[in-house]
Amino acid sequence: MLATYPQDVALAVRDHQGRCRGARWGLSGAKAVLKLRALRSNGDFDAYWAWHETQEFTRDHQARYRDTLIPAA
């Protein structure tokens, strides 16, 4: 788990804003970007992304259409 240091996050946000020419980031968005960057640098991004897609499929599809009942239009 990535440690949370508000000062470091704020510095990273300002640095990234400068590169994006005016893009605005909130603290939660900055934390998400830093976590993704950590996953990529650790070599764990592919495993994380496979897990993420499985979770998204479960949330968006399987949970809505239980028992293979698909509503008709």
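The side chains of Arg-59 and Asp-60 meet in a salt bridge, with 3.1 Å from N to O. The term stands for a side-chain nitrogen of Lys or Arg within 4 Å of a carboxyl oxygen of Asp or Glu. A search of the whole structure finds 1 salt bridge. Asp-60 counts as partly exposed, because its relative accessibility is 23%; the class lies between buried (under 20% relative accessible area) and exposed (over 50%), with a 1.4 Å probe and protein chains only.

This is a predicted model, in which local features need pLDDT of at least 70 and side-chain atom pairs count only at pLDDT 80 or more, while totals for chains, interfaces and linings use all residues. Residues are numbered from 1 along each chain as its sequence is written, and side-chain values use heavy atoms, with hydrogens and water left out.

The mean pLDDT (the predictor's confidence in each residue, from 0 to 100) of the protein is 76, and 56% of its residues reach 70 or more.

The protein has 3 helices and 0 strands, in the pattern α-α-α along the sequence. Helices (H or I, at least four residues) and strands (E, at least two) are DSSP runs, numbered from the N terminus. Helix H2 covers residues 27-42, 16 residues in total, and reaches 22 Å from its first C-alpha to its last. That is close to the expected 22 Å at 1.5 Å a residue, where the expected span is 1.5 Å times one less than the number of residues. After H2 comes Gly-43, with a positive phi near 85°.

The whole structure holds 4 aromatic pairs. Rings of Phe, Tyr and Trp (its six-membered ring) pair if their centres lie within 6.5 Å; planes under 30 degrees apart count as stacked, over 60 as edge-to-face and the rest as tilted. Two of the pairs are listed here.

| Pair | Centre distance | Plane angle | Class |
|---|---|---|---|
| Phe-45 and Tyr-48 | 6.4 Å | 50° | tilted |
| Tyr-48 and Trp-51 | 5.9 Å | 40° | tilted |

Phe-45 and Tyr-48 both lie in helix H3 (residues 45-62), 3 residues apart, about one turn of the helix. Tyr-48 and Trp-51 are likewise 3 residues apart in H3, about one turn. Ring pairs link Phe-45, Tyr-48, Trp-49 and Trp-51 into a cluster. Phe-45 is partly exposed at 30% relative accessibility, as is Tyr-48 at 25%. Trp-51 is also partly exposed, with a relative accessible area of 48%.

Of the 73 residues of the protein, 5% count as buried. The protein exposes about 6500 Å², and carbon and sulfur atoms supply 55% of this area. Accessible areas come from the Shrake-Rupley method with a 1.4 Å probe; for residues, only the protein chains shown count as cover.
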